Amino acid sequence: MPDLSHAVAFNVGLVVLAYLVGSVPFAVVVSKLMGLQDPRSYGSGNPGATNVLRSGSKTAAILTLLGDAAKGWFGVWLVQHIGAPEGWTWNVLALAALAVFLGHLFPIFLGFRGGKGVATALGVLFAVSPWLALATLATWLIIVAFFRYSSLAALVAAIFAPVYYLFGSGLAWYAEPPMLAAITLISVLLILRHRANIARLLNGTESRIGAKKKA
């Protein structure tokens with residue numbers, strides 16, 4: 001029988017590794033590799049795909065989006081496929097999901113000042129269940145199509161993600177309490193990271209997707 005302390009240490013290491021994976025700042029890395037300005041120096045200063053798009057490079061923005069989503073997925077995949085000898089538990093998986101998301105929000109490589117976490121959260125959901133991720137993504141797309149506010153779409157999707165996970169139980173997945181808690185906390189943190197956007201939505205100054213900026 002595997003030594004319990006070894007298993008605990010191994011799982012703790014995986015959770016820490018998930019955080020480090022989440023801390024990889026793809027917005028900064030992609031911009032540097034493509035010879036673009038550091039995204040923290042313009043626009044909202046947010047190291048995320050939306051702000052990278054303000055550089056004028058759609059390619060850089062797409063690569064950033066894919067990178068941020070991929071690290072969210074990979075942080076959870078690590079535990080699912082490289083768990084302790086006796087196998088992973090939902091508690092460990094939930095901690096890894098939360099850790100990789102926190103890594104994006106508070107990256108050690110950027111002085112703990114990261115992005116808002118929308119793409120990374122979606123990557124986490126894909127690792128938990130592709131159907132859950134697709135349902136959440138569909139919600140985002142519907143809100144964008146009707147209102148053309150990326151931030152509003154992210155907020156609505158964040159609210160519905162834990163609801164989908166809970167009430168989708170028995171369809172494509174089973175709602176495990178630890179993962180439900182992790183997804184709920186991720187949603188709350190994502191909403192908190194959009195405080196400025198919420199204020200702009202309320203006073204009517206939030207920019208719409210595709211809208212031209214005023215000179």
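Arg200 and Glu206 form a salt bridge, with their closest N and O atoms 2.7 Å apart; the term means a side-chain nitrogen of Lys or Arg within 4 Å of a carboxyl oxygen of Asp or Glu. By this rule there are three salt bridges. The model is predicted, so local features need pLDDT of at least 70 and side-chain atom pairs count only at pLDDT 80 or more, while totals for chains, interfaces and linings use all residues. Residues are numbered from 1 along each chain as its sequence is written, and side-chain values use heavy atoms, with hydrogens and water left out.

**Salt bridges**

- Buried means under 20% relative accessible area, exposed means over 50%, and partly exposed is in between (1.4 Å probe, protein chains only).
- A salt bridge also joins the side chains of Asp68 and Lys71, at 3.5 Å from N to O. Both residues lie in helix H4, three residues apart, which is about one turn of the helix. Helices (H or I, at least four residues) and strands (E, at least two) are DSSP runs, numbered from the N terminus.
- Asp68 is buried, with a relative accessible area of 3%, and Lys71 is buried as well, at 4%.
- Asp38 and Arg40 meet through their side chains in a salt bridge of 2.6 Å, N to O. Asp38 is partly exposed at 26% relative accessible area, and Arg40 is partly exposed at 40%.

**Nonpolar cores**

- The largest nonpolar core has 36 residues, of which Phe101, Val124, Tyr165, Met179 and Ile183 touch the most other members. Such a core is a set of buried Ala, Val, Leu, Ile, Met, Phe, Trp, Tyr and Cys residues joined through side-chain atoms within 4.5 Å.
- At least two residues of this core come from each of helix H1 (4-22), helix H4 (58-81), H5, H6, helix H7 (130-147), H8 and helix H9 (177-193). The most come from H5, which gives 10 residues.
- Another core, of five residues, lies apart from this one and includes Ala27, Val30, Val52 and Ala61.
- Val124 is in contact with Gly72, Trp73, Val76, Ala97, Val100 and Ile186, leaving aside its neighbours within four places in sequence. Contact means heavy atoms within 4.5 Å.

- Ala158 lies in helix H8 (residues 150-167) and counts as buried because its relative accessibility is 6%.
- Leaving aside neighbours within four places in sequence, Ala158 is in contact with Ser187, Leu190 and Ile191. Between Ala158 and Ser31 there are 127 residues of sequence separation and a C-alpha to C-alpha distance of 27 Å.
- Trp88 is located in the loop between H4 and H5 and counts as partly exposed, at 29% relative accessibility.
- With neighbours within four places in sequence left aside, Trp88 is in contact with Val79, Gln80 and Leu93. Trp88 and Val16 are 72 residues apart in sequence and 15 Å apart in space, C-alpha to C-alpha.

**Surface patch and positive phi**

- A nonpolar surface patch is formed by Val8, Val12, Val16, Leu17, Leu20, Phe106, Ile108, Phe109 and Phe112, which together have about 770 Å² of accessible area. Patches are made of residues with over 30% relative accessible area and no salt bridge: like charges are joined within 9 Å, and nonpolar side chains (Val, Leu, Ile, Met, Phe, Trp, Tyr) within 5 Å. Accessible areas come from the Shrake-Rupley method with a 1.4 Å probe; for residues, only the protein chains shown count as cover.
- Ile108 is in the loop between helix H5 (90-105) and helix H6 (118-128) and is partly exposed at 42% relative accessible area.
- Phe112 is placed in the loop between H5 and H6 and counts as partly exposed at 48% relative accessibility. Its phi is near 65°, a positive value in a residue other than glycine.
- Arg148, in the loop between H7 and H8, has a phi near 60°, also positive. Arg148 counts as partly exposed at 38% relative accessibility.

**UniProt annotation**

- The unreviewed UniProt entry annotates residues 6-30, 90-112, 118-142, 149-167 and 173-192 as "transmembrane region". UniProt positions are given in the numbering used here, feature names are shortened, and annotations may be inferred rather than shown by experiment.
- Residues 6-30 are 88% helix and 0% strand, with end C-alpha atoms 37 Å apart.
- Residues 149-167 are 95% helix and 0% strand, with end C-alpha atoms 27 Å apart.
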